[in-house]
Amino acid sequence: MSVSVKQEGFYWKNGGFIPARADSSLVGSARQKTMAYTILSVHNESGDPSRLQLRFDAMASHDITYVGIIQTARASGLTRFSLPYVLTNCHNSLCAVGGTINEDDHLFGLSAAKKYGGEFVPAHQAVIHSYMRERYAAPGKMILGSDSHTRYGAYGCMAIGEGGPELARQLLKKTYDILYPPVIAVYLTGSPRPGVGPQDVALALVGATFKSGAVKNAVLEFFGPGVASLSMDYRSGIDVMTTETTCLSSVWQTDEITKNHLSTLGRGEQYQPLSPADGAYYDGLVEIDLSAVEPMIALPFHPSNAYPIREFKANMADLLHQVDLDTTQRLGAKNAPSLLEKVQGRTFRVDQGVIAGCSGGTFQNLKRAAEILKGASTGSGGFWLSCYPGSMPINLELTRKGYIADLMAAGCSIRSCFCGPCFGAGDVPANGCFSIRHSTRNFPNREGSKPGDGQISYVALMDARSIAATALNGGVLTAADELPLPPADRPEEGWAYDDSAYKARVYYGVGKPQAEAKLILGPNIADWPEQIPLPENLLLTCCAAIYDPVTTTDELIPSGETSSYRSNPLKLSQFALSRKCPKYVSNAQKVQAEELKRRSGEDKDFPADTGIGSFIMALKPGDGSAREQAASCQRVLGGCANLAAEYATKRYRSNVVNWGMLPFIAEDVKDWNIQEGDSLYIPGIKTLLEGSGEELGATLIQNGKQTPVKLKLPGLTREERDIILAGCLINYYAK
């Protein structure tokens with residue numbers, strides 16, 4: 001087994017791990033010996049190590065999120081960016097959808113960077129995380145980003161992906177408030193075999209941890225002798241995928257490889273050694289034997305649905321039948337093309353390959369692909385391969401070394417520095433087709449298909465090396481270690497860094513606000529609609545009931561073409577849950593109309609102290625993207641609450657709270673059999689939040705039958721209570 005997971009406490013002592021159950025008396029002081037504690041304590045302003053109030057060194061947003069963040073901060077009194085804030089344009093770089101909307105937002109971003117003092121990276125220059133690795137990530141630093149894959153742990157930098165309101169708080173000189181998180185040791189031994197890449201290691205890790213929740217909301221701390229066998233590109237390729245484990249953040253030990261890489265980037269003075277001190281305590285242990293990891297494939301519809309390619313080939317019929325069942329159950333698709341049709345004897349036929357983004361578009365990954373395909377051809381059949389370098393400096397170096405030419409000569413399509421294939425805005429396969437991608441996610445519709453319109457395609461995650469091996473065989477699924485001589489990865493393998501493309505195009509305005517500069521507001525950029533404070537009582541109607549084991553943010557608000565409307569809250573809200581619950585928007589609007597009658601006084605018979613709103617019920621909502629629109633669109637449509645057995649991620653729960661909605665928990669909610677149209681009457685909710693209570697009685701109304709139920713609000717801080725009482729974060733700051 002390449003990955004083992006132990007969910008108990010351990011001390012790191014004398015080069016080994018000792019179970020803490022034998023002696024738990026030292027846990028408190030031993031927590032202070034981790035790398036995570038050292039970094040968190042430097043950034044904590046609370047004075048209480050158990051309740052953190054963090055200020056970050058820098059922030060980053062892309063063009064799906066920065067307009068909403070800046071608009072939120074403006075409405076709350078923003079006058080200047082209070083820390084380095086980088087605005088990249090790597091998600092809506094293509095301006096073919098939505099008329100002028102995308103480029104209008106880019107002009108807004110540049111004008112905001114000038115007015116408030118920020119850094120603006122124009123479209124096609126860099127993927128957000130490639131840019132932040134090259135320009136900002138460094139040992140001991142902390143970075144906050146409005147993209148869930150904000151992970152720079154390979155640099156000794158703790159980074160967190162969060163919803164937009166948390167970034168607005170930092171801009172307003174507020175703090176990021178959390179309880180001290182669990183810290184999990186990820187101990188690496190051995191070295192990868194030729195043909196095994198960082199995505200293979202990452203998928204093995206995600207597959208071993210996601211379903212059990214073993215590292216949920218924890219910090220993963222990577223160290224051990226295996227780290228020295230990995231280049232910085234390789235480490236980053238593993239690290240960026242830790243988001244898919246649902247951990248909070250990550251950090252790696254640093255060494256000479258880290259130091260040399262920072263020197264190459266022109267930031268050698270920022271290096272500092274990081275490693276856990278002897279006696280450090282960890283809340284859990286994940287051990288990875290790098291030499292035992294095989295080429296992997298994550299089948300639809302989650303990165304944790306991971307198997308060695310060898311195992312997949314031996315069990316194709318059973319595993320693909322399960323994908324067919326998931327397609328019917330999760331997507332509600334009937335008569336969808338079956339992947340079993342792609343089985344040809346003992347082989348499996350692939351239609352498309354993509355190597356892209358923050359995980360795939362690194363120098364080392366694309367170099368390996370070029371070495372495998374040099375002098376060969378991807379063929380003139382249905383299979384095609386696209387490669388997206390992660391940044392212009394990476395692209396420059398690949399071009400100068402001839403690797404881009406080798407890929408092009410083999411038939412690969414070379415694209416710009418763009419995140420599109422990761423979320424369905426580029427290289428959408430044909431109906432029924434199967435795409436293998438070195439990117440971050442293979443959630444439903446992440447490839448851009450529209451099951452509601454009868455258009456369904458499928459994505460599996462693989463490493464660039466095995467994607468190139470498959471391309472070499474014209475689309476027959478092939479693991480890189482099946483090649484006679486797969487190229488090996490070397491720990492010292494780096495690349496010459498030339499940032500001349502940045503110097504030619506990037507606007508460097510950090511710390512230089514121009515108060516007189518005007519914001520350029522395109523016709524689609526709209527303010528957030530007004531929200532009212534929480535009333536004493538609530539009558540809420542269920543407008544969507546989702547019984548899937550996990551609900552992703554992509555299902556709450558679709559990615560892809562809908563993101564063109566992300567700067568217009570009202571227009572974007574029309575897409576809320578559109579692929580999961582097509583009736584949600586109309587259901588919510590009907591309820592919202594009743595609330596508007598109440599507020600206007602038109603419905604004089606309804607109690608004045610009782611608000612009318614909607615809620616969604618989902619067993620475990622919020623896996624995936626950090627984008628706040630998954631919650632804000634519900635609020636714009638009159639949403640007042642989510643009801644769940646648990647929340648998939650801390651960041652989604654934060655988005656719910658920051659948009660003034662109640663994050664209710666009921667562990668047995670599945671047994672309530674809630675359906676669309678059922679109601680919850682919740683008396684005294686305002687009084688509860690004004691105090692410190694965490695549980696209250698409510699009445700579930702189903703077809704005229706009334707059933708008493710218990711609702712919980714565990715762990716709400718005083719500030720979170722006040723935000724919900726105010727109606728949303730904007731109202732809270734306005735007060």
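**Figure 1. Seven nonpolar, eleven polar and four charged residues line the largest cavity.** This is a predicted model, in which local features need pLDDT of at least 70, side-chain atom pairs count only at pLDDT 80 or more, and totals for chains, interfaces and linings use all residues. Residues are numbered from 1 along each chain as its sequence is written, and side-chain values use heavy atoms, leaving out hydrogens and water. The space shown here has a volume of about 220 Å³. Look for H62, H91, D147, H149 and R446, which come closest to its centre among the 22 lining residues. Helices α5 (128-135) and α12 (357-360) each bring at least two residues to this lining. A cavity is a set of points on a 1 Å grid over the protein atoms alone where a 1.4 Å probe fits but cannot get out, and lining residues have an atom within 4 Å of a point.

**Figure 2. The second largest cavity holds about 100 Å³ of space.** How many residues line the second largest cavity? There are 13, and R133, Y155, D233, I394 and W495 are the ones nearest its centre. By type, the lining of the second largest cavity is made of five nonpolar, five polar and three charged residues. Across the whole structure, a search turns up seven cavities of 30 Å³ or more.

**Figure 3. The largest pocket contains about 960 Å³ of space.** A pocket is an open set of points with protein on both sides within 12 Å along at least five of seven lines. Start your tour at I178, L179, K650, R653 and G715, the closest to the centre of the largest pocket among its 33 lining residues. Several elements share in this lining: β4 (51-54), α6 (164-171), β10 (176-179), α22 (650-658), β31 (662-665) and α24 (718-726) each supply at least two residues. Which helix gives the most to the lining of the largest pocket? That is α22, with five residues. In the lining of the largest pocket you can find 14 nonpolar, eight polar and eleven charged residues.

**Figure 4. Strand β5 (residues 58-61) has A58 and A60 pointing one way and M59 and S61 the other way.** In a regular strand, side chains alternate between the two faces of the sheet. Are these four residues of β5 buried or exposed? A58, M59, A60 and S61 are all buried (under 20% relative accessible area). Now follow the partners of β5: it runs parallel to strand β8 (residues 142-145), and three bridges join the two. A58 has I143 as its bridge partner in β8. Strand β6 (residues 85-88) also runs parallel to β5, again joined by three bridges.

**Figure 5. Three strands make an open antiparallel sheet in the order β3-β2-β14.** Strands pair if DSSP finds at least two bridges between them. The edges are taken by β3 (16-19) and β14 (280-282), each with a single partner strand, so one side of each has no neighbour in the sheet. Strand β2 (residues 10-13) pairs with β14 in the antiparallel sense over three bridges. To locate this pairing, find W12, which stands opposite A280 in β14.

Definitions and conventions:
Points joined across faces, edges and corners; volume = space filled by probe spheres on them. Nonpolar A, V, L, I, M, F, W, Y, C, P; charged D, E, K, R; others polar. Buried < 20%, exposed > 50% of the residue type's maximum accessible area, 1.4 Å probe, protein only.
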